[in-house]
Amino acid sequence: MEYTASLVKLHIDETLKEKRADALLRGVPVADDETLQFLLVTLAMSKPLRILEIGTAVGLSGVAMLQACPNATLTTIELEEDRYIEAKNNFAQFGVDNRVRAYLGDAGEILAMMDGEYDFVFLDGPKAQYEKYLFDLKRLMKKGATLFADDVLLFGWVSGEEETPQKRRSIVEKIRSYLSVITGDTDFVTSVVNVGDGVALSVYKGK
């Protein structure tokens, strides 16, 4: 039997499902079911205690990660103030706000000022900035940490399966550059997986 995304059965609570459906209707960039399921499977295997998320949106992926990892804390960064405020409300509604440190601002600037060690990174912010973030992400990741970068195939444009629209060529080239850098970096072992809109899953081996 051929696998299809329709076979994905998300095991998250009903309130979170309803919130995700509403966010999608409003055009909020939340992870699709297939990607979220793969994210939760990856978390179940890695069992992280300190999670870093780039791109909070309205906090629903963050809630799902914290529900899946009851002993974990989350540091998350969002650029848009309206989404940041909504995310803070969602964290409180789901009772996980005491495990969240949320930042409002440019992830590149905030990452440069951060310290500490994280054992899981969910990279789902501005796609054109992925490579820019990598220097600080490596500095913040502990040995054996997982880097889960979402949307790296971008509608088939990055892989060349679909023709890239003229106005999207710049972002496609930047994602391709990120993939070239991360797959060529001997400090990581990386696999690009055709899940959702493409995931680059990297494990940091340490310097």
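Guide: A residue counts as buried when its relative accessible area is under 20% and as exposed when the area is over 50%. The structure discussed here is a predicted model.

Visitor: Is Thr146 buried or exposed?
Guide: Thr146 lies in strand E5. Its relative accessibility is 7%, and buried means under 20%. Thr146 therefore counts as buried.

Visitor: Which residues is Thr146 in contact with, leaving aside its neighbours within four places in sequence?
Guide: Heavy atoms within 4.5 Å make a contact. With the neighbours within four places set aside, the partners of Thr146 are Thr42, Ser46, Asp119, Phe120, Val121, Met141, Leu201, Ser202 and Val203.

Visitor: What share of the chain's residues count as buried?
Guide: The chain has seven helices and seven strands. From the N terminus, these elements follow the order α-α-β-α-β-α-β-α-β-α-β-α-β-β. Of the 207 residues, the share that counts as buried is 50%.

Visitor: Which residue in E7 is the bridge partner of Phe188?
Guide: E6 pairs with strand E7 (residues 199-204) in the antiparallel sense, over six bridges. In this stretch, Thr190 stands opposite Ser202 in E7. The partner of Phe188 in E7 is Tyr204.

Visitor: Which residue takes a positive phi in the hairpin of E6 and E7?
Guide: The hairpin has five residues between its strands. The phi in question is near 55°, and the residue that takes it is Gly196.

Visitor: How far apart in sequence are the parts that the pair of Phe38 and Phe148 ties together?
Guide: The whole structure holds four aromatic pairs. Phe38 and Phe148 form one that is tilted, at 5.7 Å centre to centre and 45° between the planes. Phe38 lies in helix H2 (residues 33-46) and Phe148 in strand E5 (residues 141-150), so the separation of the parts is 110 residues.

Visitor: What kind of pair do the rings of Tyr130 and Tyr178 form?
Guide: Their centres are 5.5 Å apart. Their planes stand at 75°, and planes over 60 degrees apart count as edge-to-face. The pair is therefore edge-to-face.

Visitor: In which helices do Tyr130 and Tyr178 lie?
Guide: This pair links distant parts of the chain, 48 residues apart. The helices are H6 (residues 130-140) for Tyr130 and, for Tyr178, H7 (residues 169-184).

Visitor: Which residues form one aromatic cluster?
Guide: One member, Phe148, is buried, with a relative accessible area of 0%. The cluster is made of Phe148, Phe38 and Phe122.

Visitor: Is Lys47 buried or exposed?
Guide: Most residues other than glycine have a negative phi. Lys47 has a positive one near 50°, and its place is in the loop between H2 and strand E1 (50-54). Its relative accessible area is 61%, and the cut-off is over 50%, so Lys47 is exposed.

Visitor: Is Ala57 buried or exposed?
Guide: Ala57 has a positive phi near 55°. Its place is in the loop between E1 and helix H3 (60-68). With a relative accessible area of 9%, Ala57 is buried.

Methods: Residues are numbered from 1 along each chain as its sequence is written. This is a predicted model: local features need pLDDT of at least 70, side-chain atom pairs count only at pLDDT 80 or more; totals for chains, interfaces and linings use all residues. Side-chain values use heavy atoms; hydrogens and water are left out. Rings of Phe, Tyr and Trp (its six-membered ring) pair if their centres lie within 6.5 Å; planes under 30 degrees apart count as stacked, over 60 as edge-to-face and the rest as tilted. Helices (H or I, at least four residues) and strands (E, at least two) are DSSP runs, numbered from the N terminus. Buried means under 20% relative accessible area, exposed over 50%, partly exposed in between (1.4 Å probe, protein chains only). Two strands pair if DSSP finds at least two bridges between them.
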